[in-house]
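Could you walk me through this fold, from its sheet to its charged pairs? Please keep it in plain paragraphs that I can follow with the structure open.

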Amino acid sequence: MSDIQDFNDAKRLIPIPEFLAALGHIPDRNKSRGEDYWYCSPLRKESEPSFHVRMGDKGFWYWKDFGDGGGGSIIDLAMHLRNISRPGDALNWLRNWYLGNVEQIQITPRPKVSRQEEGQTLSL
């Protein structure tokens with residue numbers, strides 16, 4: 001089992017789509033395509049998806065909330081979700097979260113999305 005030692009480990013080992021799924025947030029199946037995932041923002045209540053997640057060029061997942069202009073890495077997301085002010089504290093929280101959830105996380109660089117025509121099921 002890999003352990004999170006630094007910020008790059010957290011970005012590499014915790015895919016944002018799986019992190020959000022573990023917290024109960026499911027991508028919008030009508031708007032999400034390929035490696036672009038759209039969600040109703042986990043940071044506030046909304047009815048139309050404005051929260052975008054994608055794999056960046058460096059192999060890390062990034063998010064952008066078009067509703068409030070925020071965005072960043074898994075570290076920034078943890079800071080927003082948990083109301084944490086220091087990146088090091090967010091890293092510690094993510095490290096503990098990861099150790100408790102590593103068995104459920106698929107450590108893959110790019111999760112695949114499949115759509116089933118009849119059921120319109122989105123799977124990560």
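How many salt bridges are there by this rule, a side-chain nitrogen of Lys or Arg within 4 Å of a carboxyl oxygen of Asp or Glu? The count comes to four salt bridges. Before we visit them, a word on the ground rules. This is a predicted model, in which local features need pLDDT of at least 70 and side-chain atom pairs count only at pLDDT 80 or more, while totals for chains, interfaces and linings use all residues. Residues are numbered from 1 along each chain as its sequence is written, and side-chain values use heavy atoms, with hydrogens and water left out.

Let's start with the sheet. Helices (H or I, at least four residues) and strands (E, at least two) are DSSP runs, numbered from the N terminus. Two strands pair if DSSP finds at least two bridges between them. Here four strands make an open sheet with antiparallel pairing, in the order β1-β2-β3-β4. At its edges lie β1 (36-39) and β4 (71-72), each pairing on one side only.

Now follow the sheet strand by strand. Four antiparallel bridges join β1 and β2, and aspartate 36 has arginine 54 in β2 as its bridge partner. Between β2 and β3 there are five bridges, again in the antiparallel sense; methionine 55 stands opposite tryptophan 61 in β3. These two strands, β2 and β3, form a hairpin with five residues between them, and glycine 59 in the turn has a positive phi of about 85°. Strand β3 (residues 61-65) then pairs with β4 in the antiparallel sense over two bridges, with lysine 64 opposite glycine 71 in β4. Helix α3 (residues 74-82) packs on this sheet, touching β2 (51-55), β3 and β4. Such a contact means heavy atoms within 4.5 Å. The direction of α3 makes about 45° with that of β3; axes are lines fitted to C-alpha atoms, for helices over the stretch in contact, and angles run from 0 to 180 degrees between N-to-C directions.

How enclosed is β2? Buried means under 20% relative accessible area, exposed over 50%, and partly exposed in between (1.4 Å probe, protein chains only). Four of the five residues of β2 are buried, so this strand is largely enclosed by the rest of the structure.

Back to the charged pairs. Aspartate 65 forms a salt bridge with arginine 44, their closest N and O atoms being 2.7 Å apart. This pair links distant parts of the chain, since aspartate 65 is in strand β3 and arginine 44 in the loop between β1 and β2, 21 residues apart. Aspartate 65 is buried at 0% relative accessibility, whereas arginine 44 is partly exposed at 30%. Salt bridges that share partners join Arg44, Glu46 and Asp65 into one network.

Another salt bridge joins aspartate 9 to arginine 12, with 3.0 Å between the closest N and O atoms. Aspartate 9 and arginine 12 are three residues apart in helix α1 (residues 7-13), so about one helical turn separates them. Aspartate 9 counts as buried at 13% relative accessibility, and arginine 12 as partly exposed at 46%. Aspartate 89 and arginine 86 also form a salt bridge, at 3.1 Å between the closest N and O atoms; aspartate 89 is partly exposed at 31% and arginine 86 is exposed at 52%.

Finally, look at helix α4 (residues 87-101), where you will find asparagine 96. Asparagine 96 is exposed, with a relative accessible area of 53%. Its C-alpha atom is 9.2 Å from that of isoleucine 4, 92 residues away along the chain.
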